[in-house]
Amino acid sequence: MKNLILYGTTYGCTEFCANELKKKLNAPTDCVNVSQAAGVELNAYDTIILGSPVYMGQMDKHLKAWVNEHEQALQSKRVAFFVCCGFPEMAQKHLEANMPKSLLNKAIAAECFGGKMDISKMKFLHRLITKMVAKAAEEEGKQQPQMILENIDKLARAING
Ligand SMILES: Cc1cc2nc3c(=O)[nH]c(=O)nc-3n(C[C@H](O)[C@H](O)[C@H](O)COP(=O)(O)O)c2cc1C
């Protein structure tokens, strides 16, 4: 039994979550940024865990491309998903809009780990959007985006069986 966690990330939240998840998995686990996935040998793994942030409703484009390319091969694997995003109530919708239905239907689990918005790291446009979204959330009395670390444990339990 061997796990692969394959993730995309822009500012590091999803990468952090991928590494936290790795620590909680019982089987040997490789944790790979999808931008470095060229040499990954899928045959080496039983379980593939796919993780992505959401930007303007879109999951990581490199992860999406990789998943589309390997959709057939993934059919014979245990597959799980996690999403990092600011509005967890939308996570399932984002998965449905961005990932193949065939894989979502067979997934052993899918969790949202919430999100982190560190404006000091962001490029100008992202900083601007984040400030606008944060202001709107505040005015509507909504909670600011935060991480849901307990869902990392939840996903780990589902994968460990
Ligand atoms: C410009 C921008 C757009 C975002 N769009 C969405 C969105 O459409 N839906 C959502 O739930 N979260 C959204 N987020 C929140 C991110 O998904 C969240 O910050 C996530 O943790 C980023 O992960 P990363 O650091 O791995 O890139 C957005 C954040 C930024 C900065």
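This is a predicted model: local features need pLDDT of at least 70, side-chain atom pairs count only at pLDDT 80 or more; totals for chains, interfaces and linings use all residues.
Residues are numbered from 1 along each chain as its sequence is written.

I then looked up the geometry: the axes of H1 and helix H6 (residues 150–160) come within 9 Å and cross at roughly 45°, the axes being lines fitted to C-alpha atoms over the stretch in contact, with angles from 0 to 180 degrees between N-to-C directions. Helices are DSSP runs of H or I with at least four residues, strands runs of E with at least two, numbered from the N terminus.

For the contact (C-beta atoms, placed from the backbone, within 7 Å), I found Cys17, Glu20, Leu21 and Lys24 of H1 meeting Ile152, Asp153, Leu155 and Ala156 of H6.

I checked lysine 23, which sits in helix H1, and recorded it as exposed, because 10 other C-beta atoms lie within 10 Å (exposed is 12 or fewer, buried 20 or more, partly exposed in between). Its C-alpha atom is 9.2 Å from that of alanine 156, 133 residues apart along the chain.

Last, I turned to the ligand, which 24 residues surround, the closest being Cys13, Thr14, Pro53, Cys85 and Gly115 (near means a C-beta atom, placed from the backbone, within 6 Å). H1 (13–24), strand S3 (47–55) and helix H5 (124–139) each supply at least two residues of this shell.

Key
Two residues are in contact if their C-beta atoms, placed from the backbone, lie within 7 Å.
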